[in-house]
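Open your viewer and get ready to select residues by number. This tour goes stop by stop, with a short note at each.

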Amino acid sequence: KPAYPEAHYNLGMALDAQGKTEDAIEQFREALRLRPEYAEAHNNLGTTLAAQGKTEDAFTHYAQALRLKPDYPEAHNNLGNALRLQGKLEEATAQYMEAVQLRPAYPEAHNNLGTTLAAQGKPEEAITQYTEALRAKPDYAEAHYNVATVLLAERRFDEAKSHFTAALQLR
């Protein structure tokens, strides 16, 4: 059934997971040719393109995903990642905040928001976001590491040690 967009999308996901980026892109594009309003395919094509450094193309697909599905937390999170990589921290923060508003228990978005807030010199707000990430996913090593780094900079050594230890035990 070659005109089945979901099959092309899922094949793209599998190929991307195997590191076969160009083949994955081809499958996502075929899914979109068959079903242009496929928000998930736009989002994942954007992520695959962003991983190749094709940020502008990624933005186009994230924007399309959000136009089609404004309440899509993964697309907000991914757009935030692309904006953060471009140094657009305030815009990235807004996207992450939208993602966690749409899905309060979204550990990756809380972690990304924490990282962006820390980069903006807002350590207490960053700690709050990392704590939310860990509330949603207690075994999230990256969030333990990130909060430990901020706590260390804030000279909260015992708390930092606890989170560094947790991160090491989870890796």
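In which helix do glutamate 30 and arginine 33 both lie? Select helix H2, residues 21–34. Glutamate 30 and arginine 33 sit there three residues apart, about one turn of the helix. Helices here are DSSP runs of H or I with at least four residues, strands are E runs with at least two, and both are numbered from the N terminus.

Before moving on, note that this is a predicted model, where local features need pLDDT of at least 70 and side-chain atom pairs count only at pLDDT 80 or more, while totals for chains, interfaces and linings use all residues. Residues are numbered from 1 along each chain as its sequence is written, and side-chain values use heavy atoms, with hydrogens and water left out.

**Stop 1: the pair in H2**

Show both side chains. Glutamate 30 and arginine 33 form a salt bridge, 2.6 Å from N to O. The term means a side-chain nitrogen of Lys or Arg within 4 Å of a carboxyl oxygen of Asp or Glu. Arginine 33 is exposed, at 55% relative accessible area. Glutamate 30 is partly exposed, at 22%. (Buried is under 20%, exposed over 50%, partly exposed in between, with a 1.4 Å probe and protein chains only.)

**Stop 2: from H5 to a loop**

Select glutamate 74 and arginine 103. Their closest N and O atoms are 2.8 Å apart, in a salt bridge. Glutamate 74 lies in helix H5 (73–85) and arginine 103 in the loop between H6 (89–102) and H7 (107–119), so the pair ties together parts 29 residues apart in sequence. Glutamate 74 has a relative accessible area of 24%, and arginine 103 has 32%.

**Stop 3: from H7 to a loop**

Now pick glutamate 108 and lysine 137. This salt bridge spans 3.6 Å, N to O. Glutamate 108 is in helix H7, and lysine 137 is in the loop between H8 (123–136) and H9 (141–153).

**Stop 4: a network**

Select Glu6, Arg35 and Glu37. Salt bridges link these residues in a network. The whole structure holds nine salt bridges.

**Stop 5: H4 against H5**

Color helix H4, residues 55–68, and H5. Their axes are 10 Å apart, at an angle of about 155°. (Axes are lines fitted to C-alpha atoms, for helices over the stretch in contact; angles run from 0 to 180 degrees between N-to-C directions.) Which residues of H4 meet H5? Thr55, Phe59, Tyr62, Ala65 and Leu66 do. Contact means heavy atoms within 4.5 Å.
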